[in-house]
Amino acid sequence: MSAPDPPDAAPSPIAVSEADAETPPRDGPAEVISDESRRSAVLDRRAATRPTLSLVIPTYNEAENLPILIDRLCSVLSLIDYELIVVDDDSPDGTWRLAETMAADNSRIRSLRRIGERGLSSAVMLGMSTAEGSVIAVIDADLQHDPRVLPEMIKPILADRADIVVASREVEGGSYGDFTTSRRTLSVAGAALARTLTGTPVSDPMSGYFAVSRAHMERVAPKVNPRGFKILLEFLARGDRPRVAEIGYEFGLRQHGETKLTTSVAFSYLLSLIGLFTGRLLSATMTAYLLVGLFGVLVQFGALGIATTAGITFAAALAMEISVLSNYWMNNRFTFAPERRRGARFISGLVPFHLVAAHGLLIQIGLVTTATGTTSGLGEGPLGYRLAGIALATAGNFALNRHLTWRPRTGIVDL
Ligand code: GDD
Ligand code: MN
């Protein structure tokens, strides 16, 4: 990639007009223009007309905050060639409509209204994929991120001294403002865990306020797991070690609306950390499924102990049913949170889940019976065969549940 433009750069002399790039010269012998030179001419032209900064603004119910933010951005960025990309997930409060109105009046603003999908990271990725700038940055719309540090954030990237610049609450000049103690504890613990697991030296790897170079974004974007709230972590941990700079800022108080960071988001953050740590060996969904399965085994043994007095056959059946129900509840609440079944669908989901569990049971018993040559009940036979049976049944059950009980809305299955 060519070097990024400094702010306010005149068009580069290598820029070619549309006609130059697309057609051979009219006079003289027809010159053959190779695909490669045509491609590089087009790329040069694009680089020459790029804005310096593309700022992605993810929004969900931020109608009260967005106009104030955009006002502040326009004055802070007045010396920079920039574009603002608002990505709204069809907010019920009509933030997208507001963004569209502002975009009609101001050619620096673009508005993307995403329908049928939710999620901070995936919204940011969508914004990035349409960004034209040499530097691509992300800022929250709720006024918690101070826009005044933006011009400082893009400098190290334009000077090619950094691939990523993080606006941090942890370095000098930065602070958590009036963050509640519990949110602060969560944030500090999450950051410490992220540093340990991914080996990144960044003080605030959970910051939602950062900038990346176009080159780094293009390298890493295809590897990013667009789930949850930890998009910066993905850019820090995937691909080659990026050069990182940090700039302090004071985290503001949210004035309007409410945070979307819920316990289930925190749980999915934990899972993605494990996912990053295991180097994509296990996907976050698979990890959650295994953890829940493990919990189910514990529940089963506990229930078995309690119910033994009522006769062994009855106790085993009861223990099995209790563990199936607890697994169903947890998988529904956590593993498959995006496809979560509620109300009547929660009850009806018990049917496919039980069928899948029964199938797993048959596989377990079948494997032990085949391997030992004697008919064995559940929990009988050599331990090795029983464990192999559990492993085989788990893999099959996961795939079946993914397709029968919690089918992804997009039709794309994340195994
Ligand atoms: N498009 C879209 N879709 N935007 C979203 C969604 C979504 O599903 N969820 C949240 N947003 C937008 C919000 O409207 C806001 O502009 C921004 O993303 C941050 O969301 P908040 O709900 O305000 O997050 P927070 O302030 O609790 O969390 C902040 O701090 C975390 C670390 O403590 C964010 O900066 C996080 O990115 C950061 O990890
Ligand atoms: Mn916020």
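Student: What is the mean pLDDT of the protein?
Tutor: It is 82, and 83% of the residues reach 70 or more. pLDDT is the predictor's confidence in each residue, from 0 to 100. This is a predicted model: local features need pLDDT of at least 70, side-chain atom pairs count only at pLDDT 80 or more, and totals for chains, interfaces and linings use all residues. Residues are numbered from 1 along each chain as its sequence is written, while chains are lettered from A and ligands numbered from 1 in the order in which they are written.

Student: Where is the pLDDT below 50?
Tutor: Over residues 1-26. Beyond near neighbours in sequence, that stretch has 36 contacts in the model. Two residues are in contact if their C-beta atoms, placed from the backbone, lie within 7 Å. Where pLDDT is low, the predicted coordinates should not be read in detail.

Student: How many helices and strands does the protein have?
Tutor: 15 helices and seven strands. Both are DSSP runs numbered from the N terminus: helices are H or I with at least four residues, strands are E with at least two.

Student: How much of the protein counts as buried?
Tutor: 37% of the 415 residues. A residue is buried if 20 or more other C-beta atoms lie within 10 Å of its own, exposed if 12 or fewer, and partly exposed in between, with C-beta atoms placed from the backbone.

Student: Which residues have the most contacts inside the largest nonpolar core?
Tutor: Val56, Ala137, Phe210 and Ala211, in a core of 66 residues. A nonpolar core is a set of buried Ala, Val, Leu, Ile, Met, Phe, Trp, Tyr and Cys residues joined through C-beta atoms within 7 Å. A second, separate core has five residues, including Val324, Tyr328, Phe353 and Val356.

Student: What is valine 56 in contact with, leaving aside neighbours within four places in sequence?
Tutor: Ile85, Val87, Val124, Gly127, Met128, Ala131, Ile136 and Val138.

Student: Which residues of helix H5 are buried?
Tutor: Leu120, Ser121, Ser122, Ala123, Val124, Met125, Leu126, Gly127 and Met128. That is nine of the 11 residues in H5 (120-130), so the helix is largely enclosed by the rest of the structure. Their cover includes S1, strand S2 (82-88), strand S3 (109-113), S4, helix H8 (214-220) and helix H9 (231-237).

Student: Is methionine 217, with its 22 C-beta neighbours inside 10 Å, buried or exposed?
Tutor: Methionine 217 counts as buried, because of those 22 neighbours. It is found in helix H8. Leaving aside neighbours within four places in sequence, methionine 217 is in contact with Met128, Ile136 and Val212.

Student: And lysine 223, buried or exposed?
Tutor: Exposed, because it has 12 C-beta neighbours inside 10 Å. Lysine 223 is found in the loop between H8 and H9. Not counting residues up to four places away in sequence, lysine 223 touches Arg238 and Gly239. The C-alpha atoms of lysine 223 and glycine 239 are separated by 8.0 Å.

Student: Switching to H6. What do its buried residues pack against?
Tutor: Strand S1 (53-59), helix H3 (66-76), strand S4 (135-138), strand S5 (164-168), strand S6 (210-213) and strand S7 (244-248). In H6 (150-158), the buried residues are Leu150, Met153, Ile154, Pro156, Ile157 and Leu158.

Student: What is the phi of aspartate 160, which follows H6?
Tutor: Positive, near 60°. Most residues other than glycine have a negative phi. Aspartate 160 lies in the loop between H6 and S5 and is exposed, with 12 other C-beta atoms within 10 Å. Leucine 143 also has a positive phi, near 70°. Leucine 143 sits in the loop between S4 and H6, and with 21 C-beta neighbours inside 10 Å it counts as buried.

Student: At what angle do helices H14 and H15 pack?
Tutor: About 155°, with their axes 8 Å apart. Axes are lines fitted to C-alpha atoms, for helices over the stretch in contact, and angles run from 0 to 180 degrees between N-to-C directions. H14 and H15 are therefore roughly antiparallel (angles over 145 degrees; under 35 is roughly parallel, 65 to 115 roughly perpendicular and the rest oblique). Among the residues making the contact are Phe353 and Val356 of H14 and Leu392 and Leu400 of H15.

Student: Which hand is the crossing of H14 and H15?
Tutor: Right-handed. A crossing is right-handed if the near helix is turned clockwise from the far one by less than a right angle, and left-handed if anticlockwise.
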